[in-house]
Amino acid sequence: MAQTPSANRIHIGFFGRCNAGKSTLINMLTGQPLALVSEVAGTTTDPVSKAMEVLPLGPVMLIDTAGVDDTSELGALRIEKTKALLPKINLALYVLKTDAEPSKEDVAWLNQLKSLNVQTLLILNEVGAVSGEAYVAKYEDVLKQFSFTYISANLLTNEKQSAILEALGKMKPKDGEAEQTLLSGLVEPNDLMVLVCPIDSAAPKGRLILPQVQMIREVLDGRGMSLVVQTEEVAPLLATLNKKPKLVITDSQAFKEVAEQVPQDIPLTSFSILMARFKGDLKILSEGVKVIKNLKPGSKVLISEGCTHHRQCDDIGSVKIPRWLKQAGYTDLDLQWTSGGAFPDDVSSYDLIIHCGACMLTRREVLRRLEVSSEQGVPIVNYGVLIASLHGILERALMPFHDELV
């Protein structure tokens with residue numbers, strides 16, 4: 001559980017006003033002094049995260065946030081950082097103190113969580129002689145519009161720790177990673193899978209990248225067998241096998257070279273396409289690639305990467321994809337880039353969005369990006385789907401998912 005990647009964990013956000021008790025709550029649930037607790041308003045500045053396990057949810061990421069009413073000098077910036085977390089949050093705990101009525105900020109944020117379909121548990125931090133039940137009765141007209149479950153607790157004690165964790169465990173997150181698998185329906189016991197992992201100048205020193213590691217693990221979980229090779233060894237490997245692989249999975253950057261070595265009767269796809277299926281909606285992303293034929297000089301294209309890294313001389317997003325687009329005849333495009341958690345709220349000015357495999361983003365965050373693009377009528381395509389299309393092998397790369405895409 002400790003090694004589960006952050007992007008594959010259920011993200012649980014802790015929200016509320018300054019000094020409502022968010023940090024106290026997260027410290028109580030983790031049993032550690034993770035978040036700084038103080039009577040001074042605005043103590044929590046940047047979001048603070050803690051990975052742990054909450055059964056039966058499994059691996060989760062608890063995220064403490066700044067107060068939604070932070071009026072300090074940097075308050076507006078802190079609130080913006082909190083808002084930026086919302087697209088990736090699967091579940092929320094919202095803390096209200098029983099000695100103060102729900103504020104306009106409380107109502108606004110609870111409305112936002114409800115509109116985003118984030119399952120939310122209200123924690124009524126009992127202060128003084130005001131019980132949670134008395135608080136609910138007094139402010140019923142305000143709270144009933146949300147229909148959120150609540151638990152009353154004195155957060156200065158651990159008395160309700162088990163009850164809160166039990167309530168969390170019963171919540172069903174929307175678009176969580178737990179019910180998704182990279183190789184769902186594709187690997188069975190004794191299946192042989194060939195994974196092509198190029199080790200080039202852009203490969204991290206001494207290790208494989210996350211999608212490659214996850215794929216190996218999923219083959220093992222499915223009781224299958226995996227053979228891992230570099231691009232140049234594909235043909236020699238296939239020549240030594242006495243049975244055909246169930247599937248060849250390649251890094252998208254090597255699509256063309258690998259496709260030339262793999263016979264047509266052996267299914268072929270890429271890590272990026274499988275990641276698109278796992279994190280987002282492969283049907284939407286495979287439809288988005290059709291618009292590249294409409295690109296012309298001056299067309300505005302956003303290339304968005306979910307991680308932040310030092311760009312190499314042959315970086316896929318900033319170098320290889322622009323090069324392949326140019327080689328395919330799409331010249332003088334207006335290319336722009338985003339990375340990490342940055343993704344524009346307004347994408348309406350773009351003619352196309354090209355998104356990475358999103359191995360570092362949560363499924364909920366990817367689906368939100370697809371939703372934003374769809375709402376604003378902007379087609380979006382995944383790296384792997386685009387590269388397969390530019391190399392003339394899209395139909396073959398999507399064939400393993402034919403029944404899902406019709």
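Modeller: A definition is needed at the outset: a cavity is a set of grid points where a 1.4 Å probe fits but cannot get out, and lining residues have an atom within 4 Å of a point. The model is a predicted one.

Colleague: How many cavities of 30 Å³ or more does the structure hold, and what is the volume of the largest cavity?

Modeller: The search returns one cavity of 30 Å³ or more. The volume of the largest cavity is about 60 Å³.

Colleague: Which elements give two or more residues to the lining of the largest cavity?

Modeller: The lining includes Ala-276 and Lys-279, as well as His-355, Val-366, Leu-370, Ile-380 and Asn-382. The elements that contribute two or more residues to this lining are helix H10 (271-279), helix H13 (363-375) and strand S14 (380-382).

Colleague: How do the residues of that lining divide into nonpolar, polar and charged?

Modeller: Leu-285, Cys-356 and Ala-358 also belong to the lining, as do Gly-280 and Gly-357. The lining residues comprise seven nonpolar, four polar and one charged.

Colleague: What radius of gyration does the chain have, and what would a compact globule have?

Modeller: The C-alpha atoms fill a box of roughly 75 × 50 × 40 Å along the principal axes. For 406 residues, a compact globule would have a radius of gyration near 22 Å, and the value for the chain agrees with this: 24 Å.

Colleague: What percentage of the residues is buried?

Modeller: Buried here means under 20% relative accessible area. The chain contains 16 helices and 14 strands. Of its 406 residues, the buried share is 51%.

Colleague: In the open sheet of six strands, which strands stand at the edges?

Modeller: The strand order is S2-S3-S1-S4-S5-S6, with mixed pairing. Neighbouring strands of this sheet are turned by 25° against each other on average, direction ignored. Each edge strand has a single partner, so one side of each is left without a neighbour in the sheet; these are strand S2 (48-54) and strand S6 (149-153).

Colleague: Is strand S3 (residues 58-64) largely enclosed or largely exposed, and how many of its residues are buried?

Modeller: S2 and S3 form a hairpin with three residues between them, and seven bridges join them in the antiparallel sense. Ser-49 stands opposite Ile-63 in S3. Strand S1 (residues 10-16) is joined to S3 by five bridges and runs parallel to it, with Ile-12 opposite Leu-62. S3 is largely enclosed by the rest of the structure, because its buried residues number seven of the seven.

Colleague: Which residue in S5 does Tyr-94 stand opposite?

Modeller: Strand S4 (residues 91-97) and strand S5 (residues 119-125) pair over seven bridges in the parallel sense. Within S5, the residue opposite Tyr-94 is Leu-122.

Colleague: Where in the open sheet of four strands is one side of a strand left without a neighbour?

Modeller: This sheet has the order S8-S7-S9-S10 and parallel pairing. Its twist averages 25° from one strand to the next.

Colleague: Which residue in S9 does Met-193 stand opposite?

Modeller: Strand S7 (residues 192-196) and strand S9 (residues 247-250) run parallel and are joined by four bridges. The residue in S9 that stands opposite Met-193 is Leu-247.

Note on methods:
Residues numbered from 1 in each chain as written. Predicted model: local features only at pLDDT ≥ 70, side-chain atom pairs only at ≥ 80, totals over all residues. Heavy atoms only, no water. 1 Å grid on protein atoms, 1.4 Å probe; cavity = no way out; pocket = protein on both sides within 12 Å on 5 of 7 lines; lining within 4 Å. Points joined across faces, edges and corners; volume = space filled by probe spheres on them. Nonpolar A, V, L, I, M, F, W, Y, C, P; charged D, E, K, R; others polar. Pairing = 2+ DSSP bridges. Axes fitted to C-alpha atoms, helices over the stretch in contact; angles between N-to-C directions. Rg over C-alpha atoms; globule rule 2.2 N^0.38 Å. Buried < 20%, exposed > 50% of the residue type's maximum accessible area, 1.4 Å probe, protein only.
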